[in-house]
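Student: Can we go through the charged pairs in this one? Keep it short.
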Amino acid sequence: MMGLMGSLSIIAMAWLNLASAEGRKALALSEQIATDYAIEGAFHTALADVINHRAGVGERRAAFRSDGKDGYVSISVAPLTDHIDINRTPLEDIKTRISEVVSQKDLAAEITQYIQHHKDTSEVPIGRIDDLGSGVTFEKALPCLREALTVFHNAAPPSRLNNDNDLRDGTLIRIRVATDGDSSRRGVEGTVLLTGNRSEPAWIMDWRRISDSEAEECPSDS
């Protein structure tokens, strides 16, 4: 009888530990989701500020509240005027641009070959820079590729009425929002087309989440 009670106690303790662990995971997931919603809200607020001429190109910090906690996010807005569009630019120009930002010739050749194959076999435009390759070496080069390439760009955008901070209707911009001073950084980055259309002033062309595990800057040995 004592043995049975002891076994039941061990089972009960194991179940309690498991339940506690799952409870902590559920709480962490809930906090993560709340943070993601708050970050997305900050992104859309930043976009609204650009559209309404309350903010332009540059970086700033903003307070946000998530799951009852106060925090800060870093917000950056940058025009993509120096980027070339891999769906519309001639292949030779794309090849040249990739070779300028990716020093590894084999990787640069693989990326160019993928783009050429896609152009030759599909009428659907390439949707994301991330689709150009895979693997550790490619992931390391991704920040460099994002600094040089885009999947859509209007080469001759109409002028914005007051040309606020060099942002123009028809211009492609990149908005980045990430938690600031957080041990587990989270964020979003979106590529946005300013259309100049009052009823639909912006199109989000690309959207990705940012985690603290990915490379953020283009390394010198890319």
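Student: Glu189 and Arg176, buried or exposed?
Tutor: Both Glu189 and Arg176 are buried, where buried means under 20% relative accessible area, exposed over 50% and partly exposed in between (1.4 Å probe, protein chains only). Arg176 has 18% relative accessibility.
Student: Before going on, where do these values come from?
Tutor: The model is predicted, so local features need pLDDT of at least 70 and side-chain atom pairs count only at pLDDT 80 or more, while totals for chains, interfaces and linings use all residues. Residues are numbered from 1 along each chain as its sequence is written, and side-chain values use heavy atoms, with hydrogens and water left out.
Student: What does Glu189 form with Arg176?
Tutor: A salt bridge, with the closest N and O atoms 2.8 Å apart. The pair links distant parts of the chain, Glu189 in strand E6 and Arg176 in strand E5, 13 residues apart. A salt bridge is a side-chain nitrogen of Lys or Arg within 4 Å of a carboxyl oxygen of Asp or Glu. Strands (E, at least two residues) and helices (H or I, at least four) are DSSP runs, numbered from the N terminus.
Student: How many salt bridges does the structure hold?
Tutor: Nine. One of them joins Asp36 to Arg186, at 2.9 Å between the closest N and O atoms. Asp36 lies in helix H1 (residues 2-51) and Arg186 in strand E6 (residues 186-194), so this pair ties together parts 150 residues apart in sequence.
Student: What is the relative accessibility of Asp36?
Tutor: 13%, so Asp36 counts as buried.
Student: Which residues are linked in a network?
Tutor: Asp49, Arg54 and Arg60, by salt bridges.
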